[in-house]
Amino acid sequence: MNSLAEPLERLPDVVADTPALTVASVSHAYGRHQALDDVSFTVPAGRFTALLGLNGAGKTTLFSLITRLFHTRVGSISVLGHRVDREPGEALRQLGVVFQARTLDLDLSVKDNLLYHASLHGIGGREARARAGRVLARVGLESHARIAARRLSGGEVRRVEIARSLLHEPQLLLLDEPTVGLDVSSKRSIVTHVRALVDDQHVAVLWATHLLDEVDPSDAVVVLHKGRLLAWGLAETIVARTGAADMRGAFVTLTGEAP
Amino acid sequence: MSDLVVPARGFTLWQYWICLRGITWREGLRFLHQRERFVSALVRPLVWLFIFAAGFRQILGVSIIPPYNTYILYEVYVTPGLIAMIQLFNGMQSSLSMVYDREMGNMRMLLVSPFPRWFLLVAKLLASTAVSVLQVYAFMLVAYVWGVDLPPWSWLTVLPALICVGLMLGSLGMLLSSMIKQLENFAGVMNFVIFPMFFASSALYPLWLVQQSSPIVYTICSLNPFTYGIELIRFALYSQVDWVALAVVGVSTVVFMGAAIVAYDPARGMLVRRGGGGP
């Protein structure tokens, strides 16, 4: 299994030489519980990468380290070449994040949520309003600008959060289980939107999920299990190497557990 | 490769201003949306002014003490304490709001902003102080209509003191918010912070009266930074500066704010030491 933790071939960066994200020998513990153990992988620029893992795999911990909510004590994390611990400002301004928990301010309208986020990136005035309009149109919610966030459906909240994460034009988008709790149609819509972003705007995406049907054979995949990296490479290559029929079979072979 | 846009490093002063304005604007909007918060912020001190003060003025004599140069009604004496009470509750309310934001996930969006974390926390503190100053002016207006006699210039001269005290109590609230893990634990703040701070101070009676009845309580009141906040406001209302009070408020603000910044630092803060409990 460990041999699959090395990339089977170097995945090409679509738009840049520097990987969008480099995670190097990262470990993290909560007291005695080892949440991440010597995890290393890269997310190529301009590509969709799926971070596969069951609950407790360490996906959310990894996201907290990448976004500097937690401090990286062991190993290093770089976003487009900027170390998160040494140049947090430069690293964070390249990042768009959609957390697993809903993070819209329910007291504000959709547009006000976007304008607030814009200000947190130093974007104000006409420019902020223009960008808010563009990103809402991008996720098909331009007519929802004045609606209070608490009146949105679960799927709409997610789409607004994705729109918000794009507002400052990041090069890397992190999405932590973005489709959990959504109906089939909302799930499909969100997956389609995010993949279109990769294709049209060459945004690199790290998509954490435990749902294997969200992974395409041509995607880069990182398999995380109980804090350890089990595989990293193209989905179709991992499937071939494990001798499984599909990604589901490969995941079971690698982890010993069904997704 | 040409598609990759690399933004300029760092931020301009104008962008810092945009960020500060955005945080203040959001704090203001939230305050306006929570009308009950505004009403309760006003009703609390007004109950003291209308009911308690009416009773106390008959039993409590206030001698001539600085900054007053004549005998004053109890309502006049208690007004600075009630102003500080508004700011104390506002500071704790903003602490509650930060704990709520952390539970709801909104805090994450603030903390993953690329601006320095100390700046984000200071911006949030300034926003909270601005809201508390507005509440104080609303209270002063009602107190004026009720007949509380304050010098005409007091509306202006008290402003710097309100900002200083707002910053001190806001930074205390911010520090507390880093220590409170769950919203349910907030009731403890009421019992162990707000009430002791308010009652063990010069808000309701002058310290010389306290000293006569209990030297121990007097010592406690003298160690309470809230006492100095009240005195700073009291003197400012009469266009005077209580330098000792100003020094204590200034030092307390720096200590509380410094501790809050450390607590919210991902490398050193209490959020990390608590293990899984992230912002």
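Me: For residues 272-278 of chain B, how many contacts beyond four places in sequence does the model have?

Reply: This is a predicted model, in which local features need pLDDT of at least 70, side-chain atom pairs count only at pLDDT 80 or more, and totals for chains, interfaces and linings use all residues. pLDDT is the predictor's confidence in each residue, from 0 to 100, and over residues 272-278 of chain B pLDDT stays under 50. Two residues are in contact if their C-beta atoms, placed from the backbone, lie within 7 Å. For this stretch, the number of contacts beyond four places in sequence is 13.

Me: Which element of chain B has the lowest mean pLDDT?

Reply: Residues are numbered from 1 along each chain as its sequence is written, and chains are lettered from A and ligands numbered from 1 in the order in which they are written. Elements are DSSP runs numbered from the N terminus: helices (H or I, at least four residues) and strands (E, at least two). The mean pLDDT of chain B is 84, and the highest value among its elements, 95, belongs to helix α10 (residues 225-237). The lowest, 49, belongs to helix α12 (residues 270-273) of chain B.

Me: What share of the residues of chain B count as buried?

Reply: Chain B has 12 helices and 0 strands. A residue is buried if 20 or more other C-beta atoms lie within 10 Å of its own, exposed if 12 or fewer, and partly exposed in between, with C-beta atoms placed from the backbone. Of the 279 residues of chain B, the buried share is 43%.

Me: Is B:Thr70 buried or exposed?

Reply: B:Thr70 is in the loop between α2 (35-59) and α3 (74-104) of chain B. Its C-alpha lies 45 Å from that of B:Ile180, 110 residues away in sequence. Because B:Thr70 has 5 C-beta neighbours inside 10 Å, this residue counts as exposed.

Me: Which element gives the largest share of the side of chain A that touches chain B?

Reply: The predictor gives the complex an ipTM of 0.85 and a pTM of 0.83. In the model, 35 residues of chain A are in contact with 36 residues of chain B. On the side of chain A, α2 (88-92) and α3 (110-119) each supply at least two residues. The largest share, 4 residues, comes from α3(A).

Me: How far apart are the C-alpha centres of the two domains of chain A, domain 1 and domain 2?

Reply: The domain bounds come from an automatic or database domain assignment. Domain 1 of chain A covers 2-94 + 171-255, and domain 2 covers 104-169. Their contact takes 11 residues from domain 1 and 9 residues from domain 2. The C-alpha centres lie apart by 25 Å.

Me: Where in chain A is A:Ser185?

Reply: A:Ser185 counts as exposed because it has 9 C-beta neighbours inside 10 Å. A:Gly155 is 30 residues away in sequence, and the two C-alpha atoms are 8.8 Å apart. The element that holds A:Ser185, residues 184-201 of chain A, is helix α6.

Me: In β8(A), which residue stands opposite A:Ala50?

Reply: Two strands pair if DSSP finds at least two bridges between them. Strand β3 (residues 48-52) of chain A has 5 of its 5 residues buried, with A:Phe48, A:Ala50 and A:Leu52 pointing one way and A:Thr49 and A:Leu51 the other. β3(A) pairs in the parallel sense with β9 (residues 220-225) over 4 bridges and with β8 (residues 204-209) over 5 bridges. Opposite A:Ala50 stands A:Trp207.
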